[in-house]
Amino acid sequence: MIASSRAAGRDPRFLAGCLLAIGALAVALDSIPSLGALAAAGLGWALAARPGWRRLLLLAAALGLSVWSLMVSQAIFYNQLPRTAILVLAPPDTPVIGTLTGGLAIYREGIWHGAVQSLRLVATLSAGLAAAWTLEPSGLLAAFASLRLPHALAFCATAAIRFLPVTVEEAHVALRAQRMRGLRIGGRGGANALRALLSIARPVLAASIRRAETAALAAASRGYDPARRRTSLRPLRMGWGERIVLGAALAAALAAVTAKVLYLLYASGLYHHPALAALYTFTREAL
Amino acid sequence: MTHAIAWRGARFRYAGAPADALRGIDLAIAPGECVLLTGPTGCGKSTLLRTANGLIPRESAGRLEGRVEVFGQDAAGIPSPVLRSWVGLLFQNPEDQLLCGRVEDEVAFGPENLAEPPGAIALRVEEALARASASAKRTSLCAELSGGEKQRVALASVLALHPRVLALDEPTSQLDGRASREILRSLAAMKRELGLTLLIAEHRVGRVLPLADRLVVLEEGAVLGVFPRERFGEALPLLRSLGLEAPGEAPARAPRAPARAEAPPLVRFRRLGHRYAKEAPPALADLSAELAPGEILALMGPNGSGKSTLLGLLAGLLRIREGEVEWFGRPRPRLSLSSLTGRVGFLFQNPDLMLSADTVEGEVALGPRLLRRPAAEARRAVARGMEALGLPALARRNPFSVSRGERLRVALAALLACGPRVLLLDEPTAGLDRGLRQRLLEDLRRWVDEGAGERGIILCTHDTGSALQCADRALVLREGRLAAWGPAAEVLAGAGRGALADLEPADGGSGP
């Protein structure tokens, strides 16, 4: 379900800019406190979108499963050195598992690394979902126009967002139709599942092509022409609040990326300037 | 006089098609006139409409010969945005033509394409929504609208272009009786108040005829007859000869074998209810009825009345939380999709989604193969299914390359080949012309009658004529509750009135 961004006074360019800033910060930051703050910002944005309980459940499930799998896999399979085992699960002399793996343990550095990756994921996933929940497809047309990007791309994106739920529903119907005729999905090492997938691909694809043709004709019959200038019912206007938030987010992202690049140049011995000593320390300890 | 639209020897052939879709059309429509175009499926109605606003030939591969004039000018020389703002085109299925998320954005889409300033767009949106009686839905999401509401929004989105001609391609085919009447009332008001020229393609003649000034009958791309209002009666023999619906004519009830009243019902449900969410109003409430062996039960009601929900519950597609369902005399508290496989066939509203094989014969054979029936038995079942639906001639064709009516028959034959005792059919007659509809209903009746009182069908339909023609009993729903239940002839005699006001009368005479 797509809520109105413009009805809530938000601009698609604001959403895209904020996503860009959060993505850049998630890559640039390494410290747990700063990534924790970024994850909190992403989660705060998702909650501010006022998701219903279904969406909250979806968010919780997506985050919970991702964080759990990242933490466990990194804690057990962390292979960088140094690493400190804090709990031995299977000593190296354990038959089969120990011999095959050289022993299994939970490593402190692995937990740390898993936490960093998890916080990055929480920040970007929450922000991405928040943007998707608050993006009005028709706002994309105006946003692309204001950014001087091709209309045709925006139209494709708009139509894809509009018809995605219809296509998902059709895939459900196609699968049910095959199951009622005796198709089995489970068992045989995934062969049945693959067969089920193939059996629904054709009707769903055919329906999508037919719908795409009708949608294109419907757009053309209402005067849509990707080569012509178009206007908008509500021209995009970013409010002062949005400008300030977006400016701050982009500035923070730019500053973090710059600091990180300078620090990496210093750490690898490629470039060093004594006047930047305080920045190096700050980047190492805080970012 | 300058005509609104005139076709002068118009001939069109789609690229790669073996024959012309339009064969020398000569027809002129006066400004402010309402012309009803009718003819059997594939007669060229939609193609003719698309030539009027330039979608043909500009957006369709093919060759147009002759001349199409719009308000005295050759359509070939009118720029696309101008032509499309003069002649608005409404497509058959509203679901596929709504492109934006929210209603007001959908209606604004056209004026935005015409590069109107924002203030003017807002005015057009307001006015178009009011004209289509859809103002209350201005901020709604398109996906949340009912079929009738979607069609109104689609109509508003065309009206926002300020067209001088409105071309409508089967505008009521997906709608129930009440929604159809509302759309037609809106069109009548626009014709009266704005002097709008209307060009309506529709095979349900009775619905639209009261609005029309002229009736044009097409067949195989050519005009067979043009009948002004005072000579509509003369068109009836022609309509009948083409297998089309003649207005005022109630369908004949087919003779049938009596249902086995003494045998236990094939399916029985008691106090059945369903909600899609805890806080949502009930989609179905306190519903009790049954399907007797040898019976066709018509399940009727307006869009959103709970018909598909009931079918979903009976087929195990939805979990039963309220009430009880018995299949073949056995209570089924935990009904699931797989527990009915092979004994109950479900025809979904869009049969295209049921097709997945390379050939028609392969499609029909798929069910018996998946059910692991012995080879000889499977062969017999496939042959019987193909024969019952008249498909042997199409056996080697790709199911997606045959006509819509034929695709429906392929999907049905594929179900029959699984050897079911009961068929649950969700709107199988929607969008079919009278000839195809009649043939399908006869096939269904025959299948039930040949089952020696062991078979039955629940037929979900909007079409009172179809129900009257083949059903033994009718169950009418309204807002998820029982509105009427009993012998079809008795129940449906009240269609269009009182508690059954949402249903269209059997003679189709439910114009604006």
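Predicted model: local features only at pLDDT ≥ 70, side-chain atom pairs only at ≥ 80, totals over all residues.
Residues are numbered from 1 along each chain as its sequence is written, while chains are lettered from A and ligands numbered from 1 in the order in which they are written.

**Figure 1. Chain A, overall view.** Chain A has ten helices and two strands. Helices (H or I, at least four residues) and strands (E, at least two) are DSSP runs, numbered from the N terminus. From that end the elements run α-α-α-β-α-β-α-α-α-α-α-α. The radius of gyration of chain A is 25 Å, well over the 19 Å that the globule rule gives for 287 residues, so chain A is more spread out than a compact globule. The radius is taken over C-alpha atoms, and the rule is 2.2 Å times the number of residues to the power 0.38. The C-alpha atoms fill a box of roughly 70 × 60 × 35 Å, taken along the principal axes. Of the 287 residues, 32% count as buried. A residue is buried if 20 or more other C-beta atoms lie within 10 Å of its own, exposed if 12 or fewer, and partly exposed in between, with C-beta atoms placed from the backbone.

**Figure 2. Helices α2(A) and α5(A).** Helix α2 (residues 32–48) of chain A packs on helix α5 (residues 108–134) of chain A at an angle of about 25°, with their axes 8 Å apart. Axes are lines fitted to C-alpha atoms, for helices over the stretch in contact, and angles run from 0 to 180 degrees between N-to-C directions. The two helices are therefore roughly parallel to each other. Angles under 35 degrees count as roughly parallel, over 145 as roughly antiparallel, 65 to 115 as roughly perpendicular and the rest as oblique. Residues making the contact include A:Leu35, A:Leu38 and A:Trp45 of α2(A), and A:Leu119, A:Arg120 and A:Val122 of α5(A). Two residues are in contact if their C-beta atoms, placed from the backbone, lie within 7 Å. By class, the contact has 15 nonpolar, four polar and one charged residues. Ala, Val, Leu, Ile, Met, Phe, Trp, Tyr, Cys and Pro count as nonpolar, Asp, Glu, Lys and Arg as charged, and the others, Gly among them, as polar.

**Figure 3. Helices α9(A) and α10(A).** Helix α9 (residues 240–267) of chain A meets helix α10 (residues 277–286) of chain A at an angle of about 105°, with their axes 9 Å apart. They are therefore roughly perpendicular to each other. From α9(A) come A:Ala259, A:Lys260, A:Leu262, A:Tyr263 and A:Tyr266; from α10(A) come A:Leu279, A:Tyr280, A:Thr283 and A:Arg284. These contact residues divide into six nonpolar, one polar and two charged.

**Figure 4. The side of chain B that touches chain A.** Here 54 residues of chain B are in contact with 45 residues of chain A. α3 (80–86), α4 (94–97), α5 (103–113), α6 (118–131) and α12 (360–370) of chain B each supply at least two residues of this side. The largest share, seven residues, comes from α5(B). The residues of this side of chain B divide into 31 nonpolar, 14 polar and nine charged.

**Figure 5. Helix α12(B) and B:Pro368.** α12(B) is mostly covered, with eight of its eleven residues buried. The cover includes α13 (375–388) and α14 (404–416) of chain B. B:Pro368 lies in this helix. It is buried, with 25 other C-beta atoms within 10 Å. Beyond its neighbours within four places in sequence, B:Pro368 is in contact with B:Arg373, B:Ala378, B:Ala381, B:Val382, B:Ala417 and B:Cys418. After α12(B) comes B:Arg372, whose phi is positive, near 55°.

**Figure 6. B:Thr51 in helix α1(B).** B:Thr51 lies in helix α1 (residues 45–52) of chain B. With 26 C-beta neighbours inside 10 Å, B:Thr51 counts as buried. Leaving aside neighbours within four places in sequence, B:Thr51 is in contact with B:Ala10, B:Phe12, B:Ile56, B:Leu64 and B:Val68.
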